[in-house]
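I will start with one rule, then go through what I looked up.

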Amino acid sequence: MHAKHLFRTLSFRLINWISRRFFASRLSFAHIEAFLFNNSFKKFFNFLKVHYEKARGHQRVTSFPYLFVFEVTNVCNLKCPFCLTGKGISGGRSVRHMGFEEAKSIIDQVGDYIYLMQLYTWGEPLLNKDIYDIIQYAKDKNIYVMVSTNATMLNEANCERLVDSGIDYVMTAVDGLSSETYKKYRVGGDYQKVINNVQNLLMVKKRKHSSAPFVEWQFIVFKHNEHEVKDAERFAYEIGINKFTPLPAYVEDKDWLPVGEEYKVELFNPERLKNCDRPWSHLNVRADGGVASCCYEFEKKDDFGNFSQHPFDKIWNNDKFLLSRKLIYQKRKGLEMDKTDLICYDCLNSGIRPSYIESPTDSQAKNALIEVKNI
Ligand SMILES: C[S@@+](CC[C@H](N)C(=O)[O-])C[C@H]1O[C@@H](n2cnc3c(N)ncnc32)[C@H](O)[C@@H]1O
Ligand code: SF4
């Protein structure tokens, strides 16, 4: 155990340095750690099979997804202006927490193959009181578990439960180094409270002599907080954060975009998507049990299936999954894609990730994006 902790600490430091030095802090520790510490022959064999089947363009697959994006709630307590949940949009779904028994039954169907489970998509995961049991259940199945949180719920008691649950990675989303800048995006949040909360987590972790969770501070960079990035990074490492990540903002309004070249994000790039492997490697489950094509899909009407109606083995090779794999293969090979209203068709064609816009028919949002593209 001691050797594992030492190895883990040293690898954190090394990867952290490489990440900051060469990858603008965007190298995923979580994936590397999951591969190093949560592996098995069964998982590794399946991983190879996934990539073999993807490379051959298999539509009907015998492999299982090895990454699991699990939205344990789509409820939120903040109103971030460029988040669909923050805007109060439900995408036609019921707005709810996923219960422990429901979550357990889904994990049981795929857990043996999963390296990493990300317990959020939209919504604030720590509002779901069952999350600690869900984490513990996944940890007992040797799954690496991570969460992104707005940090509003990280009081000392919740931090205790979080650290005790065995969670591996907590990303805290704090976009500012002052109340003025922070509250512009995290509408409804209290800067001083979330900073205290992040410190609670670091303190509880230290008190329990626990090397986990790895704590990241994610700072979404907008025009209004861009000047604070460097000081926030310094402060983050001073208080004991393991990794500070300035994340370029995805926004529909160019007035919010930062000016620094390093924070520019390419919203339109169909080429980047031709190597999409998500319908082979990722399982995306929404709070209502809906199975989404990927984490960018938002609306219920675009779902590929639902766990409340079918088990995993009836979903993973259904017509929608087969078609999505076919479209990606056609795109990769430079073939004409089958014209279809499956969400992947527009995504592969335009390079616009579906959730950047409120709805494919929302022309105002689309026009705003086109302006962003042209600046
Ligand atoms: C929709 S949130 C859900 C998780 C949680 N409520 C949170 O805010 O961390 C998922 C991730 O998207 C990030 N996010 C929110 N708005 C964003 C934006 N405009 N651009 C880039 N990332 C954003 C959040 O910081 C978070 O890491
Ligand atoms: S805290 Fe997260 S889920 Fe909630 S509105 Fe903000 S980005 Fe969206």
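I count a residue as buried if 20 or more other C-beta atoms lie within 10 Å of its own, as exposed if 12 or fewer do, and as partly exposed in between. I also note that this is a predicted model.

**Asn-142.** I applied the rule here. Asn-142 has 16 C-beta neighbours inside 10 Å, so I put it down as partly exposed. I then looked at its backbone. Phi of Asn-142 is near 60 degrees, a positive value in a residue other than glycine. I placed Asn-142 in the loop that runs between helix H5 (131-140) and strand E3 (144-149).

**The loop between H8 and E5.** I went to the loop between helix H8 (191-207) and strand E5 (214-221), where I found Pro-213. A cis peptide bond joins Ala-212 and Pro-213, and I read omega there as about 0 degrees. His-209 also sits in the loop between H8 and E5. Its phi is near 50 degrees, which is positive in a residue other than glycine. Is His-209 buried or exposed? I found 7 C-beta neighbours inside 10 Å, so His-209 counts as exposed.

**Whole chain.** I stepped back to the protein chain. I listed 14 helices and 9 strands in its secondary structure. How much of the chain is buried? Buried residues make up 40% of the 375 residues.

Terms used:
Residues numbered from 1 in each chain as written. Chains lettered and ligands numbered in written order. Predicted model: local features only at pLDDT ≥ 70, side-chain atom pairs only at ≥ 80, totals over all residues. Helix = DSSP H or I, 4+ residues; strand = E, 2+ residues; numbered from the N terminus.
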